[in-house]
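Please find below a colleague's note on the model, arranged as numbered points. The remarks begin with a term that several of the points rely on.

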Amino acid sequence: MPEVLWISGRLLLLSGLLFPVCKTDLKSRQIGNRWCIALLVAGVFLALLQPLLKPPANQGLVFSLLSCGGGALAAGLTGVLCRLIAREGFGMGDVKLLPGLGAFLGLDLFLRAMAVTGLVSFMTAVVLLLTRKLTRTDSLPFAPFLTLGAVVSQALEYVSL
């Protein structure tokens, strides 16, 4: 039961931090720095709390912080690489949001989230291109896809209980 509460609390916090990001990204195509920082701080805070509240058999504080840092680093590198490859299609707000997601989710969940994000954003782009609601030169706000990937990834933790 405590594990379900832990995952539920993380999911609620993640949703509460990311849904305003989606709203502003859809509306103005911008992601505020305060949300990126809040997500990063929440990720570090949860990494510090996790060994105390949900002690895994073989993981402690060091592992929790390494997962948080590894997730943030992998996410940051992913964001920079995407920005270099697709200059107009991947904004700096997305780049700044990724380390917070990585820190919050940890490396393993971040990788799962990126798989979901990539799949859903690709399928959405294909459908919009085929229905001619989008052209090859148009861009989509990416924060909603990142949010969906992160929330689905966190929610899938219920399945592994």
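1. Throughout this note, a residue is called buried when its relative accessible area is under 20%, exposed when it is over 50%, and partly exposed in between, with a 1.4 Å probe and protein chains only. By this criterion Ala103 is buried, at a relative accessible area of 3%.

2. The model is predicted: local features need pLDDT of at least 70, side-chain atom pairs count only at pLDDT 80 or more, and totals for chains, interfaces and linings use all residues. Residues are numbered from 1 along each chain as its sequence is written, and side-chain values use heavy atoms, with hydrogens and water left out.

3. Overall architecture. The protein has five helices and zero strands, which gives the pattern α-α-α-α-α along the sequence. Helices (H or I, at least four residues) and strands (E, at least two) are DSSP runs, numbered from the N terminus. Of the 161 residues, 38% count as buried. Contact here means heavy atoms within 4.5 Å; among contacts between residues at least 6 apart in sequence, 73% join residues at least 24 apart.

4. The nonpolar core. A nonpolar core is a set of buried Ala, Val, Leu, Ile, Met, Phe, Trp, Tyr and Cys residues joined through side-chain atoms within 4.5 Å. The largest one holds 29 residues, of which Leu14, Leu39, Leu97, Leu101 and Leu105 touch the most other members. Helices α1, α2 (33-53), α4 and α5 (143-155) each supply at least two residues of this core, and α4 gives the most, with nine. Leaving out residues up to four places away in sequence, Leu39 touches Leu14, Leu17, Leu18, Leu97, Gly100, Leu101 and Phe104.

5. Gly102 and Ala103. Both Gly102 and Ala103 belong to helix α4. Gly102 is buried, with a relative accessible area of 0%. Beyond four places in sequence, Gly102 touches Ser67, Cys68, Gly71, Ala72, Ala75, Leu107 and Phe110, while the partners of Ala103 are Leu40, Gly43, Cys68, Gly71 and Ala72. From C-alpha to C-alpha, Gly102 and Ala75 are 5.4 Å apart, although 27 residues separate them in sequence. For Ala103 and Ala74, 29 residues apart along the chain, the C-alpha separation is 9.5 Å.

6. Arg10. Neighbours within four places in sequence aside, Arg10 is in contact with Leu46, Gln50, Phe104, Leu105 and Gln154. With Gln154 there is a side-chain to side-chain polar contact of 3.3 Å. A polar contact is a pair of N or O atoms within 3.5 Å; within protein, one must be able to donate a hydrogen and the other to accept it, and residues adjacent in sequence count only if both atoms are side-chain atoms.

7. Ser121. This residue is also found in helix α4 and is buried, with a relative accessible area of 14%. The Ser121 side chain reaches the backbone oxygen of Thr117 at 2.8 Å. Not counting residues up to four places away in sequence, Ser121 touches Phe142 and Phe145.

8. Surface. The protein exposes about 9,200 Å², of which carbon and sulfur atoms supply 70%; accessible areas come from the Shrake-Rupley method with a 1.4 Å probe, and for residues only the protein chains shown count as cover.
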